[in-house]
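Reader: I would like to go through this structure feature by feature. Please give the general idea each time, then the case at hand.

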Amino acid sequence: MKRVAIIGAGDMGRHLNRVFSESLETVGFFDDFASSSSVVDGLPVLGGLSAVESAYAQAKFDFLVLAIGYKHLEQRLGIFSRFQGKIPFLTWVHPSSYVDASCRLGEGVVVLAGCVLDVNVHVGDVAFLNVSCTVAHDSVIGRNSFLAPRTTVAGFCSIGESNFLGIGTVVRDNITTCANTQTGAGAVVCKNTESSGLYLGLPAKLRD
């Protein structure tokens with residue numbers, strides 16, 4: 001059984017610990033904002049980020065999992081870049097999800113329950129797909145992007161780096177979103193986004 005250490009002992013870290021429980025061994029958390037003597041969900045906080053490399057060198061875990069949420073996308077990417085090439089990040093797909101054999105998943109990608117990734121989908125490093133997301137054929141989900149539950153991305157789309165697509169977002173076919181695009185709940189993206197920021201409504205428009 002693979003042994004994982006989770007970066008982030010907050011809500012997302014606790015959630016992933018429970019999701020992983022049947023197929024992975026979680027050895028503990030790393031968190032700069034939690035006491036190294038504390039216990040979260042029955043697991044120890046192993047220290048802050050400065051303790052990660054020494055713990056890996058001591059063979060305390062095999063893979064890292066990034067559990068920093070969508071409100072901190074810049075920090076997520078920074079942490080991944082800090083350890084990339086030094087410590088492996090786990091790529092994990094929930095057994096109830098369907099991922100076509102032609103798909104390519106980057107390092108550290110997490111796909112939760114009930115997702116569908118169609119033919120020739122590419123998901124970039126440390127992207128996170130929450131429950132029941134659908135990504136249609138020949139689409140790309142950019143590095144460090146975060147798809148909230150029931151996000152639907154049609155075919156031939158290119159979702160940019162560090163996007164957050166809010167719950168129930170729908171992206172029409174052949175759409176390209178720029179880096180740092182965010183959408184609100186239920187947004188319908190009908191045109192390319194050319195400026196970073198928050199897009200709301202149907203059709204989705206950049207909030208002033």
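Predicted model: local features only at pLDDT ≥ 70, side-chain atom pairs only at ≥ 80, totals over all residues.

Reader: How much space lies in the largest pocket?

Author: Rolling a probe the size of a water molecule over the atoms shows where empty space is left. A pocket here is an open set of points on a 1 Å grid over the protein atoms alone, where a 1.4 Å probe fits, with protein on both sides within 12 Å along at least five of seven lines. Its volume is the space filled by probe spheres set on the points, which are joined across faces, edges and corners. The largest pocket holds about 380 Å³.

Reader: Which residues line the largest pocket?

Author: Lining residues have an atom within 4 Å of a point. There are 18 of them, and Gly8, Asp31, Phe33, Ala67 and Ile68 lie nearest the centre. The lining divides into 9 nonpolar, 6 polar and 3 charged residues (nonpolar: Ala, Val, Leu, Ile, Met, Phe, Trp, Tyr, Cys and Pro; charged: Asp, Glu, Lys and Arg; polar: the others, Gly among them). Helices are DSSP runs of H or I with at least four residues, strands are runs of E with at least two, and both are numbered from the N terminus. α1 (11-20) and α3 (73-83) each supply at least two lining residues, and α1 gives the most, with 3.

Reader: Which residues of α1 are buried, and which exposed residues does the face turned away carry?

Author: An α-helix has 3.6 residues a turn, so residues three or four places apart point the same way. Buried means under 20% relative accessible area, exposed over 50%, and partly exposed in between (1.4 Å probe, protein chains only). In α1, Met12, Gly13, Leu16, Asn17 and Phe20 are buried. Seen down the axis, these residues fall within an arc of 140°, so they line one face of α1; the arc is that of the directions from the helix axis to the C-beta atoms. Asp11 and Arg18 are exposed on the face turned away from the buried side.

Reader: Which residues of α3 are buried?

Author: They are Leu73, Arg76, Leu77, Ile79, Phe80 and Phe83. Their arc around the axis is only 160°, which puts them on the same side of α3. Just after α3, Gly85 has a positive phi of about 85°.

Reader: How many residues are in the largest nonpolar core?

Author: In soluble globular proteins, nonpolar side chains tend to be buried together. A nonpolar core is a set of buried Ala, Val, Leu, Ile, Met, Phe, Trp, Tyr and Cys residues joined through side-chain atoms within 4.5 Å. The largest has 23 residues, and Leu117 is one of those that touch the most other members. Apart from this core lies another, of 22 residues, including Leu16 and Val40.

Reader: Where are Ser132 and Pro203?

Author: Ser132 is in the loop between β12 (128-129) and β13 (134-135). Ser132 has a positive phi of about 65° although it is not a glycine, and counts as partly exposed at 24% relative accessibility. Pro203 lies in the loop between β22 (197-200) and β23 (205-206). The peptide bond from Leu202 to Pro203 is cis, with omega near -5°.

Notes. Residues numbered from 1 in each chain as written. Heavy atoms only, no water.
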